[in-house]
Amino acid sequence: MSVHISAKKGEIAKVVLQPGDPLRAKYIAENFLENARLVSQTRGILYYTGTYKGKEISVGASGMGFPSIGIYSFELYTEYEVDTIIRIGTCGGYSSDVKLFDILNVENAASESTYAKYAWGFEEEIFSHQGNIFDVINETAEELGLKARATNIHSSDIFYRKDPATPAIATKYNCLAVEMEAFGLFANAKHLGKNAATILTVSDIIPTQEFISADEREKALKPMIELALEAALKVI
Ligand code: HPA
């Protein structure tokens with residue numbers, strides 16, 4: 001047990017897939033894993049452990065934003081000896097340079113957030129994926145015939161804002177899209193010497209207000225989920 005996860009030691013695998021949404025974790029456990037069992041449901045943040053093609057893997061939620069992913073990823077790495085976290089999420093595109101359903105493999109996450117500075121004393125405003133799981137995802141995408149574009153993204157504290165213009169930090173680092181967690185995950189992994197990657201599916205295009213409907217989401221996220229699971233197999 002950790003402060004926010006009620007699984008016993010040994011009940012979480014070395015590799016964890018981490019969507020933001022607890023119900024997405026449940027969907028992945030029920031539809032992609034064999035013998036999945038619920039190992040934690042504290043605060044409704046569901047964690048499951050099962051096998052994928054015979055290898056043990058866990059899937060559980062991060063919640064939204066740096067405070068939430070900061071807590072869950074830290075406890076997974078430090079209390080459960082997790083080696084690798086693959087975040088699988090959605091993002092909003094800043095321009096029509098990305099399209100709905102595109103899959104992004106995040107190379108660097110830039111943020112105005114003070115999370116990494118006040119947590120770990122890091123002064124950087126941009127963090128890279130950590131370890132070799134990013135490369136494994138690229139190789140795996142190629143083998144599966146999937147396009148996973150390596151790109152920089154903006155990790156923001158803010159979903160709703162007054163000014164509709166693309167934030168300066170996103171322009172500075174050529175960030176094609178925005179989400180709310182990768183920067184926190186990468187900072188924790190860097191501090192702890194662990195492995196972390198983030199794969200995103202573009203779920204909305206901010207300037208045109210196009211978005212993937214709720215009905216389409218499950219089907220839309222399937223290629224990303226399969227990519228994450230197949231990449232995970234190679235590091236277990
Ligand atoms: N902003 C922030 N996070 C997101 C978005 C967005 O538009 N879409 C999906 N995650």
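The buried residues of helix α4 pack against β5 (84-93), β6 (103-110), β8 (148-155), β10 (195-205) and α7 (214-233). Here "buried" means under 20% relative accessible area, "exposed" means over 50%, and "partly exposed" lies in between, with a 1.4 Å probe and protein chains only. Packing rests on contact, that is, heavy atoms within 4.5 Å. Helices (H or I, at least four residues) and strands (E, at least two) are DSSP runs, numbered from the N terminus. The model is predicted: local features need pLDDT of at least 70, side-chain atom pairs count only at pLDDT 80 or more, and totals for chains, interfaces and linings use all residues. Residues are numbered from 1 along each chain as its sequence is written, and side-chain values use heavy atoms, with hydrogens and water left out.

Helix α4 covers residues 133-144. The expected span is 1.5 Å times one less than the number of residues. The buried residues of α4 are I133, F134, V136, I137, T140 and A141. Seen down the helix axis, these buried residues fall within an arc of 155°, so they line one face of α4. The arc is that of the directions from the helix axis to the C-beta atoms. An α-helix has 3.6 residues a turn, so residues three or four places apart point the same way. On the other side of α4, E142 and E143 are exposed. G145 follows the helix and has a positive phi, near 70°.

T140 gives a close view of this helix. T140 sits in α4 and is buried, with a relative accessible area of 1%. A polar atom of the T140 side chain lies 2.6 Å from the backbone oxygen of V136. A polar contact is a pair of N or O atoms within 3.5 Å; within protein, one must be able to donate a hydrogen and the other to accept it, and residues adjacent in sequence count only if both atoms are side-chain atoms. Neighbours within four places in sequence aside, T140 is in contact with L227, E230, A231 and K234.

Helix α2 (residues 65-79) has 15 residues. From first C-alpha to last, α2 reaches 21 Å, close to the 21 Å expected at 1.5 Å a residue. Its buried residues include G65, F66, I69, Y72, L76 and Y77. Just after α2 comes E81, in the loop between α2 and β5. E81 has a positive phi of about 55° although it is not a glycine. At 51% relative accessibility, E81 counts as exposed.

K53 is another residue other than glycine with a positive phi, near 50°. K53 is found in the loop between β3 (47-52) and β4 (55-60). Its relative accessibility is 53%, so K53 counts as exposed. Most residues other than glycine have a negative phi.

The ligand is surrounded by T90, C91, G92, F159, V178, E179, M180, S203, D204 and I206. A polar side-chain atom of D204 lies 2.9 Å from a nitrogen atom of the ligand. A backbone N or O atom of G92 lies 3.3 Å from a ligand nitrogen. A polar backbone atom of T90 is 3.4 Å from a nitrogen atom of the ligand. The protein covers 87% of the 260 Å² of accessible area that the ligand has on its own. Accessible areas come from the Shrake-Rupley method with a 1.4 Å probe; for residues, only the protein chains shown count as cover.

Technical notes:
Near = heavy atom within 4 Å.
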